[in-house]
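Please keep the sequence and the model in view while reading.

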Amino acid sequence: MGFVGDAQKIDGGGSCSSGDKGGCFIGGMKSLVRRKQVDSANSKSSSASGSSHQLAKALTIPHLITIGVGSTIGAGVYILVGTVAREHSGPALTISFLIAGIAAALSAFCYAELASRCPSAGSAYHYSYICVGEGVAWLVGWALVLEYTIGGSAVARGISPNLAMLFGSPDSLPSFLARHTIPGLNVTVDPCAAILVFLVTGLLCLGIKESTMVQGFVTSVNVCVMAFVIVVGGYLGYKAGWPGYELPVGYFPYGVDGMLAGASTVFFAYIGFDSVASTAEEVKNPQRDLPMGIGFALSICCSLYMLVSAVIVGLVPYYAMDPDTPISSAFASHGINWAAYIITIGACTSLCSTLMGSIMPQPRILMAMARDGLLPSFFSDVNKRTQVPVKGTIATGLLSGTLTFFMNVEQLSGMVSVGTLLAFTMVAISVLILRYVPPDQVPIPSSLQEAIDSVSLRHSGCSSSSDIDVENTKIPAVTSGDSTPLLGEISVRHPLVEKAAAKLSYLVRQRRKVAGWTIMFICIGVCMVTSAASIVSLSNSARYALSGIGGLLLLSGLIVLTCIDQDDARHRFGHTGGFTCPFVPLLPIACILINVYLLINLGGATWARVSIWLVIGACIYALYGRTHSSLKSAVYVPATHVDEIYETSAISLAC
């Protein structure tokens, strides 16, 4: 097919007349699957010319490690150790943290490749928009907004009780900072938490480098506290003979199943490294620094988690741990009561660091969505002095601070995991699409129509000469070393050979379709297998049937993707020279399987709340985003001609 036939203007589903309801519906469906262009030097320079200011290129590997570690290690580790050890893992808690870290690394590998290839703000929303489509990207971005809003509010609500403990008791804060219950409304307000949110918001408005330096200091204090727990706790355990490991029930009191259940629980202690990907546009050398920042941050977190858990479960038998203050009580049982103050300082600093990690990505997600036209342009404004989205940051801080002040969001904390796991899943699917079916048509702004027409005329005569005349082609003879034909010259006109050659040529042409359908069937198989493993209300026969069919789809999909070649266009996708995810397609498929399993097991109440939020988002998209999308009147052209179109446009402007 020639270039002229490939360049097409896509109607994004704008206003429809009453007599064209069918066309309106088709246009609306098209808007859900339209994909934006991957970043390139030409596209970024074009977008920069139309934008007043860009984000500051200020971050390096140490900054990214600070953001990753600070966003990941929260105060939960000071509680998870006791709860998971008592209820699931026992002394095998260290292995649970290791398995959870490996599972998180699967998503980290996928993030690292996409972040280095597409280094723009937006994280999983940005990758989904490029690889999957606008509808899915909107849901991912909307879910991430919920994650960061609820997550930041929940973290802020946990700071004031820990601060109060530093002064001796939960009621020791000054009255203007202490929690109060409003009579008659049964609402507990938390001024301290709200003030902290506003302070962090103000800090983030100063600039990405300045806020990262402060976060680095706070994170360093937290890491020092964890190092204190490891070193001093290790000395106490060595001196006491590690009483927590000398148990008659052995190392796995709840069996391997309990250890795996513990790994599923502590997996959520690793979510947070995706905040690194949200700052991709502000990284000086994203192809090198982003993968290294994600990898080092996750490795540090996993090592600290494993060392702390190994020490604590060795100090006290798992069944004797205090589920609320496991580390403090473990030290107190060995006569070191003053350690509680140091551990409380660690909990406060970790919460403050996590609060910054929760608020910082949200305005960048909103900015990316506003740049694409899915949200008002208010959120895409970048301050010329600080080079950060100040308006979006202030709006985020006001919303999170108000929610923190009035609401106890602990019952909503499960909603945080939905956004993260949904993002992890779509990132893994995007890696499969990138490798096997990268977009072969990309949108070009309609303002470049003159350059598109020029390149179209240039290539209009190439289609006929590029067609392969299969009938008049000879298959080369197979010869020995002395050039004597071993099989003789075989004419392609032989019926059997001609039929085989035609089938081979057809399969090569259909490889993209085969890969695309295979990825879809893999996703269906994952849903069937995880549903069979999670929904206990199903009968045994239904569970066996779902497991069998889903497992067959998964295995068949893995075999098909392993056997067929990956698309050569992947080498030209986005920015090249960065990290490449290993073990494709096995690693992304395993990542999808783990994340969907955890998503299904979040519980019906959590999904009911999230569904309300997603329905609200769908209404906003239908009423605003769909009709204001920057792709509404885009012209889709073959990806191989994009650079030529931009070069032609630049030459015409120069003339």
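**From a helix residue to the core**

Ala-395 is partly exposed, with a relative accessible area of 28%; buried means under 20% relative accessible area, exposed over 50%, and partly exposed in between, computed with a 1.4 Å probe on protein chains only. The model is a predicted one, in which local features need pLDDT of at least 70 and side-chain atom pairs count only at pLDDT 80 or more, while totals for chains, interfaces and linings use all residues. Residues are numbered from 1 along each chain as its sequence is written, and side-chain values use heavy atoms, with hydrogens and water left out.

Ala-395 belongs to helix α17 (residues 390-406); helices (H or I, at least four residues) and strands (E, at least two) are DSSP runs, numbered from the N terminus. Leaving aside neighbours within four places in sequence, Ala-395 is in contact with Phe-378 and Phe-379, where contact means heavy atoms within 4.5 Å. The C-alpha atoms of Ala-395 and Phe-379 are separated by 8.7 Å, and the two residues are 16 apart along the chain.

The chain as a whole has 26 helices and five strands. Of its 655 residues, 50% count as buried. Among contacts between residues at least 6 apart in sequence, 84% join residues at least 24 apart.

Which residues touch the most other members of the largest nonpolar core? They are Tyr-78, Tyr-111, Phe-267, Ile-312, Phe-331 and Leu-355, in a core of 152 residues. Helix α18 (residues 414-436) gives the most to this core, with 15 residues. A second, separate core has eleven residues, among them Val-442, Ala-451, Val-455 and Val-637. A nonpolar core is here a set of buried Ala, Val, Leu, Ile, Met, Phe, Trp, Tyr and Cys residues joined through side-chain atoms within 4.5 Å.

Not counting residues up to four places away in sequence, Tyr-78 touches Asn-222, Val-225, Met-226, Asp-324, Pro-326, Ile-327, Ile-343, Gly-346, Ala-347 and Ser-350. One of these partners, Ile-343, is found in helix α15 (residues 339-359) and counts as buried at 5% relative accessibility. Although Ile-343 and Tyr-78 are 265 residues apart along the chain, their C-alpha atoms are separated by 8.2 Å. With neighbours within four places in sequence left aside, the contacts of Ile-343 are Tyr-78, Val-225, Val-229, Ile-327, Ser-328 and Phe-331.

**Helix packing**

Two packed helices are described by the angle between their axes and the distance between the axes. For helix α10 (residues 208-240) and helix α13 (residues 286-315), the angle is about 35° and the axes are 9 Å apart; axes are lines fitted to C-alpha atoms, for helices over the stretch in contact, and angles run from 0 to 180 degrees between N-to-C directions. The contact is made by Val-223, Met-226, Val-229, Ile-230, Gly-233, Gly-234, Leu-236 and Gly-237 of α10, together with Leu-304, Leu-307, Val-308, Val-311, Ile-312 and Leu-315 of α13.

Helix α13 also holds Gln-287, which counts as buried at 19% relative accessibility. A polar atom of the Gln-287 side chain lies 2.8 Å from the backbone oxygen of Ser-116. Leaving aside neighbours within four places in sequence, Gln-287 is in contact with residues including Ser-116, Pro-119 and His-575.

**An enclosed helix and backbone exceptions**

Why is helix α7 (residues 124-131) largely enclosed by the rest of the structure? Eight of its eight residues are buried, so α7 is largely enclosed. The elements that cover these residues include α6 (93-117), α8 (134-166), α12 (274-278), α16 (361-371) and α18. Just after α7, Gly-133 takes a positive phi of about 160°.

Most residues other than glycine have a negative phi, and most peptide bonds are trans. Ser-123, in the loop between α6 and α7, has a positive phi near 55° and is buried, with a relative accessible area of 1%. Phe-583 also has a positive phi, of about 55°; this residue is placed in the loop between α23 and α24 and counts as exposed at 65% relative accessibility. The loop between α23 (540-563) and α24 (586-600) also contains Pro-585, and the peptide bond from Val-584 to Pro-585 is cis, with omega near 15°.

How values were computed: Polar contact = N/O pair within 3.5 Å; in protein donor to acceptor, adjacent residues only side chain to side chain.
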